[in-house]
Amino acid sequence: MPGPSRKIVDVLEGKTVTPPPIWLMRQAGRYLPEYRETRAKAGSFLDLCYSPDYAVEVTLQPIRRYGFDAAILFSDILVIPDALNRNVRFVQGEGPQMDPIDVAGIEKLDAEGVLSHLAPVLETVRRLRCELPEATTLLGFCGAPWTVATYMIAGHGTPDQAPARLFAYRNPDVFLRLLDFLADVSAEYLIAQIDAGADAVQIFDSWAGVLGEREFKAYAVRPVARMIRTVRAARPGARIIAFAKGAGVNLRSYRQDTDANAIGLDWSVPLSFAAELQKDGPVQGNLDPMRVVAGGRALEEGIDAILQALGNGPLIFNLGHGITPEADPAHVSDLVHRVRGYKP
């Protein structure tokens, strides 16, 4: 006898589910006291990512508390450069840092051993699929090549990713090779996550919004399309969400150009535009995370606007970016309750 359906999988296959399924980017994180407790035990942030015991625990915490329709693997987009020996570290109060890469370093990149380095992450995926409720979708993920490349070139996060943009203008051929290399490595990583039990995967292009139209096509669309082709060639049924934060009107053809099943929408995407995009397939988003911090009327109005605009089509309710540490866990409960009470 078949078990309960996974609602997010149904949406990714083009179905409209009422009320829409819900999960939140960074749902396992610092706003939860149980996460902070586990994080303190784990040691460094990378130790948390690479310890299946701890990573499974923090992934399950928001599922236990809120019953979200999906659990997303607890890890980080920078495990790929870490696996490429770029000396990644997370500095308290400063964020991620790594050894900046130059032209010579790009020419020396070697993908051998990447999946071996990431074996603990894949073990986490396997354990999660065994421990999650049958109806809960398990999401894997990775960073998009452009976003990962920005950190690799600068060696840290920057407000507008000027170092990567400048590097790309000065070294266009080398930069495209870096993106292709990251696309191929990341695609193999996603295939391994799917094989380990992920029902679907998300590609995070957190810095897509700093790109001009031409650069968006070359640096954001082309590498993600390459990744998706590679994943689908190996796993034809793969379900893939592509999230290009800040892409604006460039989203108009993003789904078609990348062949993603669903596209993630940040909170700046107008709901009228989101409704147009939904005509071509599933969308995910796009509540402003600050409404969760505010709670009350601001939260209710934001939820209702999204449900009214998008609730009658294939929608995965989510935030327009990750939940922030300032969010009140009680406000998240209010959010889940209101979305689940939706009646068209």
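This is a predicted model: local features need pLDDT of at least 70, side-chain atom pairs count only at pLDDT 80 or more; totals for chains, interfaces and linings use all residues.
1. Pocket size and centre. The volume of the largest pocket comes to about 1400 Å³. Its lining is made up of 37 residues. Those that lie nearest the centre are Arg26, Arg30, Phe45, Asp76 and Phe90.

2. Pocket lining by element. Two helices, H2 (33-42) and H9 (145-154), each give at least two residues to the lining of the largest pocket. Strands S2 (89-91) and S3 (95-97) also supply at least two residues each. H2 provides the largest share, which is 3 residues.

3. Pocket lining by residue class. Of the lining residues of the largest pocket, 20 are nonpolar, 11 are polar and 6 are charged.

4. In soluble globular proteins, nonpolar side chains tend to be buried together. Here the largest nonpolar core holds 127 residues, and Phe175, Phe317 and Leu335 have the most contacts inside it. Helix H11 (residues 172-196) contributes the largest share of this core, with 15 residues.

5. Surroundings of Leu335. Which residues are in contact with Leu335, leaving aside its neighbours within four places in sequence? They are Ile22, Leu24, Leu287, Val292, Leu299, Ile303, Phe317 and Leu319. Phe317, one of these contacts of Leu335, is itself among the residues with the most contacts inside the core.

6. Salt bridge Arg239 to Glu13. The model has a count of 24 salt bridges. One joins the side chains of Arg239 and Glu13, at 3.2 Å from N to O. Arg239 is in the loop between helix H12 (213-234) and strand S6 (240-244), and Glu13 is in the loop between helix H1 (7-12) and H2, so this pair ties together parts 226 residues apart in sequence. Both partners are partly exposed: the relative accessible area is 22% for Arg239 and 47% for Glu13.

7. Salt bridge Arg127 to Glu123. The closest N and O atoms of Arg127 and Glu123 are 3.1 Å apart, and the two residues form a salt bridge. Because Arg127 and Glu123 are 4 residues apart in helix H8 (residues 119-131), about one helical turn separates them. Arg127 is partly exposed at a relative accessible area of 30%, and Glu123 is also partly exposed, at 27% relative accessibility.

8. Salt bridge Glu301 to Arg297. The side chains of Glu301 and Arg297 meet at 2.6 Å, N to O, in a salt bridge. Helix H16 (residues 296-310) holds both residues, with Glu301 and Arg297 lying 4 residues apart, about one turn of the helix.

9. Salt-bridge network. A network of salt bridges links four residues by side chain: Arg6, Arg129, Glu134 and Asp199.

10. Lys41. Helix H2, which also supplies residues to the lining of the largest pocket, is where Lys41 is placed. Lys41 counts as exposed, with 54% relative accessibility. Between Lys41 and Gln284 there are 33 Å in space, C-alpha to C-alpha, and the two are 243 residues apart in sequence.

11. Gln278. This residue, Gln278, belongs to helix H14 (residues 271-278). Gln278 counts as buried because its relative accessibility is 11%, under the 20% limit. Leaving aside neighbours within four places in sequence, Gln278 has contacts with Val283, Ala309, Leu310, Gly313, Pro314 and Leu315. Two of these contacts, Ala309 and Leu310, have numbers inside the range of helix H16 (residues 296-310).

12. His156. Where is His156 placed? His156 is in the loop between H9 and helix H10 (162-170), and at 38% relative accessibility it counts as partly exposed. His156 touches Pro96, Gln97, Thr150 and Tyr151, with residues up to four places away in sequence not counted. Pro96 and Gln97 fall within strand S3 (95-97), while Thr150 and Tyr151 fall within helix H9 (145-154). The C-alpha atoms of His156 and Arg89 are 9.9 Å apart, although 67 residues separate the two along the chain.

Note on methods:
Residues are numbered from 1 along each chain as its sequence is written. Side-chain values use heavy atoms; hydrogens and water are left out. On a 1 Å grid over the protein atoms alone, a cavity is a set of points where a 1.4 Å probe fits but cannot get out, and a pocket is an open set with protein on both sides within 12 Å along at least five of seven lines; lining residues have an atom within 4 Å of a point. Grid points are joined across faces, edges and corners, and a volume is the space filled by probe spheres set on the points. Ala, Val, Leu, Ile, Met, Phe, Trp, Tyr, Cys and Pro count as nonpolar, Asp, Glu, Lys and Arg as charged, and the others, Gly among them, as polar. A nonpolar core is a set of buried Ala, Val, Leu, Ile, Met, Phe, Trp, Tyr and Cys residues joined through side-chain atoms within 4.5 Å. Buried means under 20% relative accessible area, exposed over 50%, partly exposed in between (1.4 Å probe, protein chains only). Contact means heavy atoms within 4.5 Å.
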